[in-house]
Amino acid sequence: MVIKESDRVAPIKITDKETNHVYVLDFNRESVQFAESNGFDWDLVSSQPATLIPLIWYCAFRRYDRRISRDKTTQLLEDLGGMRVDWLKRLKELYDQSMASLIADPDKANEEDAKNAKLTVSLD
């Protein structure tokens, strides 16, 4: 499913006032796959917050900064005073948004896109 730019969820931006460096937290397929391969599961966040909140926080940095260390992201979260509920909600929205492109929505299928597709699928 293609998400229109006007419907996209804005990433989280963190600015380091000392260095003026801007960290952008967002997800793409790779960062979600990385999170899942490291044991992340949204259904377990409330029962394993000490493990999963720092993990998803770290994974959200990976879209734009793959070289950032886990220690650095942990320190940033500590410097911010911990995870706020509204940040966690935004991370979930960003995570879900990145997965939306994997699943076609039949109610919103565009016939013109289907006509121009180079591939066809048959279930017979």
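Aspartate 96 comes out as partly exposed in this predicted model, with a relative accessibility of 38%. Its salt-bridge partner is lysine 92, and the closest N and O atoms of the two sit 2.9 Å apart. Lysine 92 is partly exposed as well, at a relative accessible area of 31%. Both residues belong to helix α4, which covers residues 85–100. Because they are four residues apart in that helix, about one helical turn separates lysine 92 from aspartate 96.

Arginine 62 pairs with glutamate 30, and here the closest N and O atoms are 2.9 Å apart. This bridge connects distant parts of the chain, with glutamate 30 in helix α1 (residues 29–37) and arginine 62 in the loop between α2 (49–61) and α3 (70–79). The two partners are 32 residues apart.

Glutamate 30 also forms a salt bridge with arginine 66, this time with 3.5 Å between the closest N and O atoms. Arginine 66 lies in the loop between α2 and α3 while glutamate 30 is in helix α1, so this pair, too, ties together parts of the chain, here 36 residues apart in sequence.

Glutamate 30, at 22%, is partly exposed. Arginine 66 has a relative accessible area of 52%, so it counts as exposed, for which the value must be over 50%.

Helix α1 has a packing partner in α2. The axes of the two helices come within 9 Å and cross at roughly 155°. Since angles over 145 degrees count as roughly antiparallel, that is how α1 runs relative to α2. The crossing of α1 past α2 is right-handed. On the α1 side, the residues in contact are Ser31, Phe34 and Ala35, and they meet Leu55, Ile56, Tyr58 and Cys59 in α2. Sorted by class, this contact holds six nonpolar residues, one polar residue and no charged ones.

Terms used
Residues numbered from 1 in each chain as written. Predicted model: local features only at pLDDT ≥ 70, side-chain atom pairs only at ≥ 80, totals over all residues. Heavy atoms only, no water. Salt bridge = Lys/Arg side-chain N within 4 Å of Asp/Glu carboxyl O. Buried < 20%, exposed > 50% of the residue type's maximum accessible area, 1.4 Å probe, protein only. Axes fitted to C-alpha atoms, helices over the stretch in contact; angles between N-to-C directions. Parallel < 35°, antiparallel > 145°, perpendicular 65-115°, else oblique. Left-handed = near helix turned anticlockwise from the far one by under 90°. Contact = heavy atoms within 4.5 Å. Nonpolar A, V, L, I, M, F, W, Y, C, P; charged D, E, K, R; others polar.
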